Amino acid sequence: LRKYLNSIGALIFVCVQFYTLSLVVWESAYPKCTSMTGCPSGTFCTNTVWDALPTCMDCVHIEPYTNLTATTVEEVCPAEYPFNKWEHREYLEFDHEELW
């Protein structure tokens, strides 16, 4: 009987560790916020069904939470890179020999 209790105790301990790790991963992936300025670049602040407090969500997932069009989304979630990001690509010079 003692072996079974020790086994169940160890299993419960592992489950608690897994739950704690899941909470840490969730909190680091979706941090809490109070306004749009409290979120990192490329995210927006919104209330979700799962969390009691507002969280920062990735801008890719903005459509289910808002009814914004593509032009108004740029005001809430500005693009990381502008549309002309490849305009000056021929001026970028890399010394490929230096890397080896």
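Trainee: Which residues form the largest nonpolar core?
Mentor: Phe44, Met57, Cys59, Ile62 and Cys77 form the largest nonpolar core, which has 5 residues. The term denotes a set of buried Ala, Val, Leu, Ile, Met, Phe, Trp, Tyr and Cys residues joined through side-chain atoms within 4.5 Å. In soluble globular proteins, nonpolar side chains tend to be buried together.

Trainee: What kind of model is this, and how are its residues numbered?
Mentor: The model is predicted, so local features need pLDDT of at least 70 and side-chain atom pairs count only at pLDDT 80 or more, whereas totals for chains, interfaces and linings use all residues. Residues are numbered from 1 along each chain as its sequence is written, and side-chain values use heavy atoms, with hydrogens and water left out.

Trainee: Which pattern does the protein chain follow along the sequence?
Mentor: The pattern is α-β-β-α-α, with 3 helices and 2 strands in the chain. These are DSSP runs numbered from the N terminus: helices (H or I) have at least four residues and strands (E) at least two.

Trainee: Why is Thr55 called buried?
Mentor: Buried means under 20% relative accessible area, exposed means over 50%, and partly exposed lies in between (1.4 Å probe, protein chains only). Thr55 has a relative accessible area of 0%, and is therefore buried. Thr55 belongs to strand 2 (residues 55-58). Leaving aside neighbours within four places in sequence, its contacts include Tyr30, Pro31, Phe44 and Cys45; contact means heavy atoms within 4.5 Å.

Trainee: What makes the pair Cys33 and Cys45 a disulfide?
Mentor: A disulfide is a pair of cysteine sulfur atoms within 2.5 Å. The S to S distance of Cys33 and Cys45 is 2.0 Å, and the pair meets the definition. Cys33 lies in the loop between helix 1 and strand 1 and Cys45 in strand 1, so the pair ties together parts that are 12 residues apart in sequence.

Trainee: Why is the disulfide of Cys33 and Cys45 called right-handed?
Mentor: The torsion about its S-S bond is about 90°, so the disulfide is right-handed.

Trainee: How many disulfides does a search of the whole structure find?
Mentor: The search finds 2 disulfides. Cys39 is joined to Cys56 with an S to S distance of 2.2 Å. Cys39 is in the loop between helix 1 and strand 1 and Cys56 in strand 2, 17 residues apart. With -90° about the S-S bond, this link is left-handed. Cys39 is buried at 11% relative accessible area, and Cys56 is buried at 2%.

Trainee: Why is Ile8 called partly exposed?
Mentor: Its relative accessibility is 48%, so Ile8 counts as partly exposed. Ile8 is in helix 1 (residues 2-29).
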